[in-house]
Amino acid sequence: MHLRRLALGAAALTLTAVAVPTATAQADSAYVPPGRVTVEVVGANGSGCPQGTADVAAAPDNTAFTVTYSDYLAQTGAGSSGTDFRKNCQLALRVHVPQGFTYAIARADYRGFASLQRGAYGQERAGYYFQGASQTARTTHQFGGPYSDNWQASDQTGYADLVWAACGEDRLLNVNTELRVYAGSSSPQTLSFMSMDSTDGSVSTVYHFEWKQCPAV
């Protein structure tokens, strides 16, 4: 996938401190750092995000970033192949933050559209981790048919359980998502599907930042 970099004004400053965030640093969830945040996709793998179909953008107020997919759909039933029931995507993101700050992902909001026949059901799964760190536990949200509407699922982490990016280290943030649709007891002549994509950019996954100051070195 081609490199996509979205900067909010001037280029982000390079972190110079190499330290672990302190527990006494700023813990106010409403607090955001000054300066510019940039997010760039440096890798995309999976059937849910073919080359060129995932974009990222940082919010102007530094509180979040969004991921927008344009070809992320799982389906089962009439006209589907044996592998269409599961789609997944792993994005490797480089997040540049203002000097002297670090971040964690406090909440993630996932959105899409589902058309599930009676007896069918769909699942959305997600997790993330920083390069070189352990995979976070994946959460699963399930939707049962009959269902034909937009869907939304949110994962929120308490402050004490947040996983922080190491200060002064340029490590990628890996974001994993997955959609699955199972026919269940629905008629094999019907089609059920679940998407996490948007052709007009109106449906995006939103990752909310929690910020903390790095200790002085």
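Predicted model: local features only at pLDDT ≥ 70, side-chain atom pairs only at ≥ 80, totals over all residues.
The chain contains zero helices and 13 strands, and its elements, read along the sequence, follow the pattern β-β-β-β-β-β-β-β-β-β-β-β-β. Of its 217 residues, 46% count as buried. The accessible surface of the chain amounts to about 10,100 Å², with 49% of this area belonging to carbon and sulfur atoms. Among contacts between residues at least 6 apart in sequence, 84% join residues at least 24 apart.

Strand β4, spanning residues 64–69, is mostly covered, with five of its six residues buried. Strand β4 pairs with two strands described here. With strand β3 (residues 54–58), the pairing is antiparallel and extends over five bridges; within it, threonine 66 of β4 is the bridge partner of alanine 57. Five residues separate β3 from β4 in the hairpin that these strands form, and asparagine 62 in the turn adopts a positive phi of about 65 degrees. Strand β13 (residues 205–213) also runs antiparallel to β4, to which it is joined by four bridges. In this second pairing, phenylalanine 65 stands opposite tyrosine 207 of β13.

Phe65 also belongs to the largest nonpolar core, which has 41 residues; Phe65, Tyr69, Leu91, Tyr103 and Trp151 are the members with the most contacts inside it. Strand β7 (residues 101–116) supplies the largest share of this core, seven residues. In soluble globular proteins, nonpolar side chains tend to be buried together. When residues up to four places away in sequence are not counted, tyrosine 103 touches Val95, Val97, Phe130, Val163, Trp164, Ala165, Leu173, Phe209, Glu210 and Trp211.

Serine 186 lies between β11 (173–182) and β12 (191–195). With a relative accessible area of 11%, serine 186 falls under the 20% limit and is therefore classed as buried. The side chain of serine 186 reaches the backbone oxygen of alanine 183 at 2.6 Å. Apart from neighbours within four places in sequence, serine 186 is in contact with Gln117, Arg118, Gly119 and Ala120.

Cysteine 49 and cysteine 89 are both buried.

The other disulfide is formed by cysteine 167 and cysteine 214, whose sulfur atoms are 1.9 Å apart. Because cysteine 167 lies in the loop between β10 (147–156) and β11 and cysteine 214 in the segment after β13, the pair ties together parts that are 47 residues apart in sequence. The link of cysteine 167 and cysteine 214 is left-handed, with -95 degrees about the S-S bond. Cysteine 167 and cysteine 214 are likewise buried.

Conventions:
Residues numbered from 1 in each chain as written. Heavy atoms only, no water. Buried < 20%, exposed > 50% of the residue type's maximum accessible area, 1.4 Å probe, protein only. Pairing = 2+ DSSP bridges. Core = buried A, V, L, I, M, F, W, Y, C linked by side-chain atoms within 4.5 Å. Contact = heavy atoms within 4.5 Å. Polar contact = N/O pair within 3.5 Å; in protein donor to acceptor, adjacent residues only side chain to side chain. Areas by Shrake-Rupley, 256 points an atom, 1.4 Å probe, with all protein chains shown as cover. Disulfide = S-S within 2.5 Å.
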